[in-house]
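Please read the briefing below alongside the sequence and the 3D view.

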Amino acid sequence: MYGIKRKGRENSAQLYKVLQTYISPIVRQFSEKIKLQRKIRIANIWAKRHPKRLMVYYISFAICLLSITLIADFSIKRDSSEDLGLKDIPSMSHRLQSLNNTEIQNERIKQEVGELGAKGMLLYNQLDSMMKLPYKTRQDSLKILSTYDILNNTFNKQKGHELKKD
C-alpha cells in the first residue's frame, strides 16, 4: 500500500515538474507582454484606497452574474425528454416481464403435467381393462406389455429428477 502511495506521489511530482518546465516560460512571456504585474500592482493600490467601492463592485458583479445565470436557465426552453424524470430512471419492467414469463411457463408446465396425468389415467384404465380379459391373444399381451412399459417409464423413472431431501 505504501509503495503505491509513494509511486503516485513520485508520478505527480514528475508531472508537476514537466508542466512547470514547459508551461511556466509560456505564461511568463505572456504576462510580460501584457504587463500583468504592473496592472496587478495598480489594482491592489486602488483596492487599498477604496475598500467600500471595491466591495460594492464585487457584490454588484456577483449579483449580475447570478441574475444572468438565472435568466438564462429559465429563458431557455428544454425538451422534456432531456430532463431527468421518473421515465429516465431504469424501470423494473424487464424484471416484471421476466416474472410474468416464469409464471406463464409455470402455468404451462402445470397444464402439461395435468394433460400427461390424464393420458396416464387413460392408459392405466386401458391396461386394467386388458388385464381383466379372461382370454388374451398375443397382440393383447404385447399391447399390455407396451402400455405397462410406457406407464412405468413415464411415471416411475424419476430418480434423476427427484429433489434430494435433507
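A salt bridge is a side-chain nitrogen of Lys or Arg within 4 Å of a carboxyl oxygen of Asp or Glu. The model is predicted, and local features need pLDDT of at least 70, side-chain atom pairs count only at pLDDT 80 or more, while totals for chains, interfaces and linings use all residues. Residues are numbered from 1 along each chain as its sequence is written, and side-chain values use heavy atoms, with hydrogens and water left out.

**Overall make-up**
- The protein has five helices and zero strands, where helices (H or I, at least four residues) and strands (E, at least two) are DSSP runs numbered from the N terminus.
- Along the sequence, the pattern is α-α-α-α-α.
- Of the 166 residues, 5% are buried; buried means under 20% relative accessible area, exposed over 50%, and partly exposed in between (1.4 Å probe, protein chains only).
- The protein exposes about 16,400 Å², and carbon and sulfur atoms supply 61% of this area.

**Salt bridges**
- Side chains of opposite charge can pair when their charged atoms come close.
- Two salt bridges are found in a search of the whole structure.
- One joins the side chains of Lys-132 and Asp-128 at 3.6 Å, N to O.
- Lys-132 counts as exposed because its relative accessibility is 63%, whereas Asp-128, at 30%, counts as partly exposed.
- A salt bridge also links Glu-10 and Arg-6 at 3.3 Å, N to O.
- Both Glu-10 and Arg-6 lie in helix α1, four residues apart, about one turn of the helix.
- Glu-10 is partly exposed at 40% relative accessibility, and Arg-6 is partly exposed at 48%.

**Surface patches**
- Patches are made of residues with over 30% relative accessible area and no salt bridge; like charges are joined within 9 Å, and nonpolar side chains (Val, Leu, Ile, Met, Phe, Trp, Tyr) within 5 Å.
- Lys-35, Arg-38, Lys-39 and Arg-41 form a positive surface patch.
- Lys-35 sits in the loop between α1 (2–33) and α2 (36–49), and counts as exposed at 52% relative accessibility.
- Leu-15, Val-18, Leu-19, Tyr-22, Ile-23 and Val-27 make a nonpolar surface patch of about 600 Å².
- Leu-15 belongs to helix α1 and is exposed, with a relative accessible area of 54%.

**A buried threonine**
- Thr-147 lies in helix α5 (residues 138–155).
- Thr-147 is buried because its relative accessible area is 4%.
- A polar atom of the Thr-147 side chain lies 2.7 Å from the backbone oxygen of Lys-143.

How values were computed: Areas by Shrake-Rupley, 256 points an atom, 1.4 Å probe, with all protein chains shown as cover. Lys, Arg positive; Asp, Glu negative; His and termini not counted. Charge placed at Lys NZ, Arg CZ, Asp CG, Glu CD. Polar contact = N/O pair within 3.5 Å; in protein donor to acceptor, adjacent residues only side chain to side chain.
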